[in-house]
Each structure stands twice: as C-alpha cells, then as structure tokens.
Amino acid sequence: MSRRLISTGSPFEKNAGYSRAGVDGDFAFVAGTTGYEYTTMTMPADVTSQARNCFKTIEATLKEAGFAMADIVRATYYITRTEDADTVLAVCGEKLGDIRPAATILVVVALYKPEMKVEIEVTAKRRTA
C-alpha cells in the first residue's frame, strides 16, 4: 500500500507544506491539530471548546483515512497553560477513555498563534480483527 495524504482543506496545510494526516500501510499519523472550527475558520476562546474541536477534526480525518478513533494508539497533548491541564485531560477522557492510548501532555511556552491554547496529535494503527 502506498502512502496517502489526507487534507482538511485548511489554508495552513498548503501554506506550511504539510498534510493533516499521512497514511502508510496500517498506520495513520495525524498532525498536530488545534481548536479551529474549519467550516468558519474561527477559534473558540475557551480551552474546552478548542480541545473538543481538536478531536472533531481528528475524528473526521481518521474517518476519511479509513480509521476509527478506537484505532488511536498514541496521543500527544500540548497546552500553553498548566492550569488548563485538568480541563483538557477531561476532554481527552471523554474522547479516549475507553481507548486509552499511550499519551503525553506537554506544557509549552506558546503555540503558533496566541489564540491557540491546545494542540493534539495522534497516531492510529488499523485493527486487523
């Protein structure tokens, strides 16, 4: 199976030269995803909505690639404020609580734009059974 690229159509992808995800065999590598609502290109102000939008985009990307959320085996969460950790992790628990991928959370100084409070990237492996 050859490598396949998945796009959300976001202008960031073309401008920065990346894909929302790359699929190689039974693996899907989803790029860091921020909380934009891509239909309106708006960013909610609160971190909870941003985290939920991250997962909405990730889920749609995985679906387009032929994967399910249950296929996620690895997740990395980036937040810009330590005090947002519990809030973001609660959303992660809602979305991944039964899946329980290996995960890491990092507090970073900033993300690409000041309104970005959370960024999530995942790796999925297609289940064969």
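Here is a short walk through the fold, ending at one of its helices.

This is a predicted model, in which local features need pLDDT of at least 70 and side-chain atom pairs count only at pLDDT 80 or more, while totals for chains, interfaces and linings use all residues. Residues are numbered from 1 along each chain as its sequence is written, and side-chain values use heavy atoms, with hydrogens and water left out.

Let's begin with the whole protein. Three helices and six strands make up its secondary structure (DSSP runs, H or I of at least four residues for helices and E of at least two for strands, numbered from the N terminus). The C-alpha trace spans about 40 × 35 × 25 Å along its principal axes. Of the 129 residues, 42% count as buried (under 20% relative accessible area, with a 1.4 Å probe and protein chains only).

Now take a look at helix α2, residues 47-65. Its 19 residues reach 27 Å from first C-alpha to last, close to the 27 Å expected at 1.5 Å a residue (1.5 Å times one less than the number of residues). Which residues of α2 are buried? They are V47, Q50, A51, N53, C54, F55, T57, I58, T61, L62 and A65. An α-helix has 3.6 residues a turn, so residues three or four places apart point the same way.

The buried residues of α2 pack against strands β1 (4-6), β2 (21-24), β3 (27-34), β4 (72-79) and β6 (118-125), and against helix α3 (85-96); contact here means heavy atoms within 4.5 Å. Just after α2, G66 takes a positive phi of about 90°.

Note on methods. Buried means under 20% relative accessible area, exposed over 50%, partly exposed in between (1.4 Å probe, protein chains only).
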